[in-house]
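The sequence and structure come first.

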Amino acid sequence: SVPYQYLDRPTESYVSIYKEMGYNTYGVHPYIPAFYSRKSGYPLIGIDHLHFEEDFYNLYHQSDWQIYTSGGYISDYSFEEYLESVLESTEQSTDAPAFLMGISMEAHQPYENKYKQSDLKVIAENDSLDEATLGAFRNYTMAMWNADAALGRLVDYIDGREKETILVYFGDHLPTLGLNYA
């Protein structure tokens, strides 16, 4: 099920509540805008400023900013840097507080052949898992390691800000691992 496909009018959400309180609202997702109907759905939950994959590449082409890919997607490292740039630019352009919802992609499936074996730092031994499942698990674990490192950088950035900032971090779905992705 794609949640945004069910939206056909503005719908109350955490984002819309903050928007009503005077916040500028941002949605950042380093993937294609049509995926899961985000481009049409985000405004209906109150997001005014949309940032998708092409915005990452536009920033890359317009500045000296570096963009990195990892595991087939824009890396969580670059995602975290982009979040910082959105927060910095909104603070420079307005005094209004910001609500920013970001969804990263690096740790997203598929987990088969996601990283070169030389990139993997995970040693997993389990006689009950076949090599394909174990390989997917190693790739998933590498993605989580990268996500954790990016989260650490984001927390350090937030802790260093003068403006009070609240970070809420969660996954949007379970990983698809194992036999029949169970």
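## Contacts of H51

Beyond its neighbours within four places in sequence, H51 is in contact with Y26, G27, V28, H29, Y82 and V86. The model is a predicted one. H51 is found in strand β2, which covers residues 49–51. Two of the listed partners, Y82 and V86, have numbers that fall in the range of helix α4 (residues 76–93).

H51 has a relative accessible area of 17%. Buried means under 20% on this scale, so H51 counts as buried.

## Fold and overall dimensions

The chain has 5 helices and 5 strands. Along the sequence they follow the pattern α-β-α-β-α-β-β-α-β-α. Taken along the principal axes, the C-alpha atoms fill a box of roughly 55 × 40 × 30 Å.

The chain has 182 residues, of which 38% count as buried. Of the contacts between residues at least 6 apart in sequence, 64% join residues at least 24 apart.

## Charges and salt bridges

How many salt bridges does the structure hold? There are 3.

In one of them, the side chains of R9 and D8 meet with an N to O distance of 2.9 Å. R9 is exposed, at 55% relative accessibility, and D8 is also exposed, at 62%.

A salt bridge also joins the side chains of D48 and K19, at 2.8 Å from N to O. This pair links distant parts of the chain: K19 belongs to helix α1 (residues 14–20), D48 to the loop between α2 (38–44) and β2, and the two are 29 residues apart. D48 is partly exposed at 43% relative accessibility, and K19 is partly exposed with a relative accessible area of 34%.

R153 forms a salt bridge with E80, where the closest N and O atoms are 3.8 Å apart. Because R153 lies in helix α5 and E80 in helix α4, the pair ties together parts that are 73 residues apart in sequence. R153 is partly exposed, with a relative accessible area of 28%. E80, in contrast, is buried, with a relative accessible area of 3%.

Which residues make the nonpolar surface patch of about 260 Å²? The patch is made by V155, L167 and Y169. L167 is found in the segment after α5 (131–159). The relative accessible area of L167 is 35%, which places this residue in the partly exposed class. Patch residues need over 30% relative accessible area, so L167 at 35% passes that cut-off.

V168 lies in the segment after α5 as well. Is V168 buried or exposed? V168 is exposed, with a relative accessible area of 65%. The C-alpha atoms of V168 and S93 are separated by 24 Å, and the two residues are 75 apart along the chain.

Note on methods:
Residues numbered from 1 in each chain as written. Predicted model: local features only at pLDDT ≥ 70, side-chain atom pairs only at ≥ 80, totals over all residues. Heavy atoms only, no water. Helix = DSSP H or I, 4+ residues; strand = E, 2+ residues; numbered from the N terminus. Buried < 20%, exposed > 50% of the residue type's maximum accessible area, 1.4 Å probe, protein only. Contact = heavy atoms within 4.5 Å. Patch = residues over 30% accessible without salt bridge, like charges linked within 9 Å, V, L, I, M, F, W, Y side chains within 5 Å. Areas by Shrake-Rupley, 256 points an atom, 1.4 Å probe, with all protein chains shown as cover. Salt bridge = Lys/Arg side-chain N within 4 Å of Asp/Glu carboxyl O.
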